[in-house]
Amino acid sequence: MPRESMAERGKPRMKVTIVGSKGQLGSALQKALAGESLQLLDLPEYDITVLPAARDEIISFQPDVVILAAAMTDVDGCERQPELAYRVNALGTRNVALACQALDAPLLYVSTDYVFDGVGREPRWEYDTPNPQCVYARSKLAGEQIVRDLLTRFYIARTAWLYDRTHRNFVNTVRRLAAERDSLRMVTNEEGSPTYAPDLAAAIAQLIRIPAYGIYHFTNTGTCSRYEWARRIMDLLGRPDYPIYPADSYPRPAKVPAFVELRNLFGAALGITLRPWQDALAECLRDG
Ligand SMILES: NC(=O)c1ccc[n+]([C@@H]2O[C@H](COP(=O)([O-])OP(=O)(O)OC[C@H]3O[C@@H](n4cnc5c(N)ncnc54)[C@H](OP(=O)(O)O)[C@@H]3O)[C@@H](O)[C@H]2O)c1
């Protein structure tokens with residue numbers, strides 16, 4: 001346990017509610033905010049879709065700030081079950097925002113690069129107009145809109161292609177499949193920014209200490225295709241000879257963007273930047 005400095009000992013602890021505390025980002029936020037007073041909420045005990053419990057549980061804690069990291073994140077599942085997607089990502093967001101409204105507390109809502117259509121190769125800035133192409137993205141944008149409608153103090157932090165060491169995600173799926181199969185096929189025409197959940201959590205932990213509300217774009221910097229990402233994972237695992245073959249997109253229920261690079265203008269102006277995706281991936285896989 002690191003010893004607290006004099007300055008840290010005198011600092012009042014923030015009261016922070018983390019909704020979706022067991023997920024990739026929620027787990028990383030627990031570590032990034034370990035010095036604060038935390039309320040941890042997630043399924044099955046806490047369901048953002050159920051009123052009045054979803055609102056009242058937060059109100060009872062009287063947080064200084066609420067972070068909403070819970071969502072229905074199964075992109076193809078959202079396409080198959082659109083009503084459930086909107087129930088969780090839009091109605092659930094509304095319920096959490098109602099708690100913030102009652103408390104006059106700011107909400108940090110985590111959103112996605114998929115709110116953009118992925119057409120063309122121009123980077124997307126915080127002020128660019130979204131154009132979502134699948135149910136998941138539309139339901140997340142609906143959540144953004146609800147937060148903007150109900151609250152005056154909010155942060156919307158858009159991110160992309162999250163992964164960590166332990167949860168189900170692209171990195172761990174590639175590792176598992178490579179252990180089971182002689183080779184892999186990976187798409188070359190889907191590009192984004194792999195983002196290490198602890199790096200995003202650190203950026204959010206910095207941001208909520210600054211009352212500079214608005215939209216933010218937080219991803220590890222740089223982009224790659226799923227093919228390049230998988231190749232880099234296997235290289236970092238010491239298996240540069242493992243065969244990975246390039247492939248075109250495979251048929252799937254959801255239409256996902258072909259290329260999104262979120263550009264961080266507003267966060268960088270506050271001194272909040274994330275490292276290149278290759279460096280974060282190397283750290284994730286080191287000793288892992
Ligand atoms: N994953 C990505 O690549 C990605 C990319 C861009 C943006 N985002 C956004 O980033 C945020 C965090 O993503 P993540 O990858 O950390 O998600 P995650 O690992 O799927 O975690 C989400 C958490 O929310 C919980 N949850 C789902 N429905 C709930 C409900 N009705 N009530 C309460 N909790 C509920 C989940 O529980 P169960 O596991 O039991 O369902 C899970 O613990 C989300 O807002 C997501 O939209 C993610």
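Pro 44 is placed in the loop between β2 and α3 (53–61), where helices (H or I, at least four residues) and strands (E, at least two) are DSSP runs numbered from the N terminus. A cis peptide bond joins Leu 43 to Pro 44, with omega about 0 degrees. Pro 52 is also found in the loop between β2 and α3, and the peptide bond from Leu 51 to Pro 52 is cis, with omega near 5 degrees. Most peptide bonds, by contrast, are trans. This is a predicted model, in which local features need pLDDT of at least 70 and side-chain atom pairs count only at pLDDT 80 or more, while totals for chains, interfaces and linings use all residues. Residues are numbered from 1 along each chain as its sequence is written.

The sheet may be considered next. It is an open sheet of six strands in the order β2-β1-β3-β4-β5-β10, with parallel pairing; two strands pair if DSSP finds at least two bridges between them. β2 (37–41) and β10 (214–217) stand at the edges with a single partner strand each, so one side of each has no neighbour in the sheet. From one strand to the next, the twist averages 20 degrees. Strands of a sheet pair through backbone hydrogen bonds.

Strand β1 (15–19) is joined to β2 by five bridges and to β3 by four, and runs parallel to β2 and to β3. Val 19 stands opposite Leu 41 in β2 and opposite Leu 68 in β3. Four of the five residues of β1 are buried, so this strand is largely enclosed by the rest of the structure. A residue is buried if 20 or more other C-beta atoms lie within 10 Å of its own, exposed if 12 or fewer, and partly exposed in between, with C-beta atoms placed from the backbone. Ile 156 stands opposite Ile 215 in β10.

β1, α2 and β2 make a right-handed β-α-β unit; a crossover is right-handed if, with the strands pointing away from the viewer, the path from the first strand over the helix to the second runs clockwise. Helix α2 (residues 24–32) is mostly covered, with seven of its nine residues buried: Gln 24, Leu 25, Gly 26, Ser 27, Ala 28, Leu 29 and Ala 32. Their cover includes β1, β3 (65–68), β4 (107–112), β6 (162–163) and α8 (197–207). Nine of the eleven residues of α8 are themselves buried, so α8 is largely enclosed by the rest of the structure.

Helix α5 (residues 82–103) lies across β1, β3 and β4, and runs at about 175 degrees to β3. Helix α6 (residues 135–150) packs on the sheet, touching β4 and β5, and its direction makes about 155 degrees with that of β4. For these angles, axes are lines fitted to C-alpha atoms, for helices over the stretch in contact, and angles run from 0 to 180 degrees between N-to-C directions. Within α6 lies Ala 137, which counts as buried because it has 28 C-beta neighbours inside 10 Å. Leaving aside neighbours within four places in sequence, Ala 137 is in contact (C-beta atoms, placed from the backbone, within 7 Å) with Thr 112, Tyr 114, Val 115 and Pro 132.

The largest nonpolar core has 79 residues, and those with the most contacts inside it are Val 66, Ile 67, Leu 68, Val 96 and Ile 204. Such a core is a set of buried Ala, Val, Leu, Ile, Met, Phe, Trp, Tyr and Cys residues joined through C-beta atoms within 7 Å. Not counting residues up to four places away in sequence, Val 66 touches Thr 17, Val 19, Ile 58, Val 96, Ala 99, Cys 100, Ala 105 and Leu 107.

The ligand is surrounded by 27 residues, the closest being Gly 20, Gly 23, Gln 24, Ala 70 and Ala 71; a residue is near a molecule if its C-beta atom, placed from the backbone, lies within 6 Å of it. The elements that give two or more residues to this shell are α2, α5 and β4. Helix α2 gives the most, with three residues.

Technical notes
Two residues are in contact if their C-beta atoms, placed from the backbone, lie within 7 Å.
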